[in-house]
Amino acid sequence: MPNVKAGKLKALAVTTAEPSALVPGLPTVAATGVPGFEAAQMQGIFVPAKTPNAVVKQLNQEIVRFLRSAAAKETLFNVGTEPVGSSSEQLAATLNVEMDKLGKLIKLLGLRVD
């Protein structure tokens, strides 16, 4: 995004399923003629499997509260990231969808580790 804002690159579309607040008015790749296209970067914070649920929920609440703060939004927007902040259940569901999608692609392409 810094290079787009500086005029060094021209943005053609966003790869997310929905338009982005980072670049208002810029269409999605799907809207430009590639139906169903979506490739979004995702980041998450993970804890050990046996972390008590109460601790997970408290961490999640604090992280989401931070991501929704004006300072965090501004900092992340300036580097081209649009913060979302979701629940651990939503992250798990998204990861499962992505692993399924990528698993199908790996099989389709015949990729394997030697």
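Analyst: Side chains of opposite charge can pair when their charged atoms come close. Here arginine 65 and glutamate 62 join their side chains in a salt bridge (2.5 Å, N to O), the term requiring a side-chain nitrogen of Lys or Arg within 4 Å of a carboxyl oxygen of Asp or Glu. This is a predicted model, in which local features need pLDDT of at least 70 and side-chain atom pairs pLDDT 80 or more, while totals for chains, interfaces and linings use all residues. Residues are numbered from 1 along each chain as its sequence is written, and side-chain values use heavy atoms, without hydrogens and water.

User: How are arginine 65 and glutamate 62 placed in helix H2?

Analyst: They are 3 residues apart, about one helical turn; helices are DSSP runs (H or I, at least four residues), numbered from the N terminus. Arginine 65 is exposed at 57% relative accessible area, whereas glutamate 62 is partly exposed at 33% (buried is under 20%, exposed over 50%, partly exposed in between; 1.4 Å probe, protein chains only).

User: How many salt bridges does the structure hold?

Analyst: It holds 4. Among them, glutamate 98 pairs with lysine 101 at 3.1 Å between the closest N and O atoms, both in helix H4 and 3 residues apart. Another joins arginine 112 to aspartate 114, at 2.4 Å; arginine 112 is exposed, at 68%, and aspartate 114 is exposed, at 81%.

Note on methods
Helix = DSSP H or I, 4+ residues; strand = E, 2+ residues; numbered from the N terminus.
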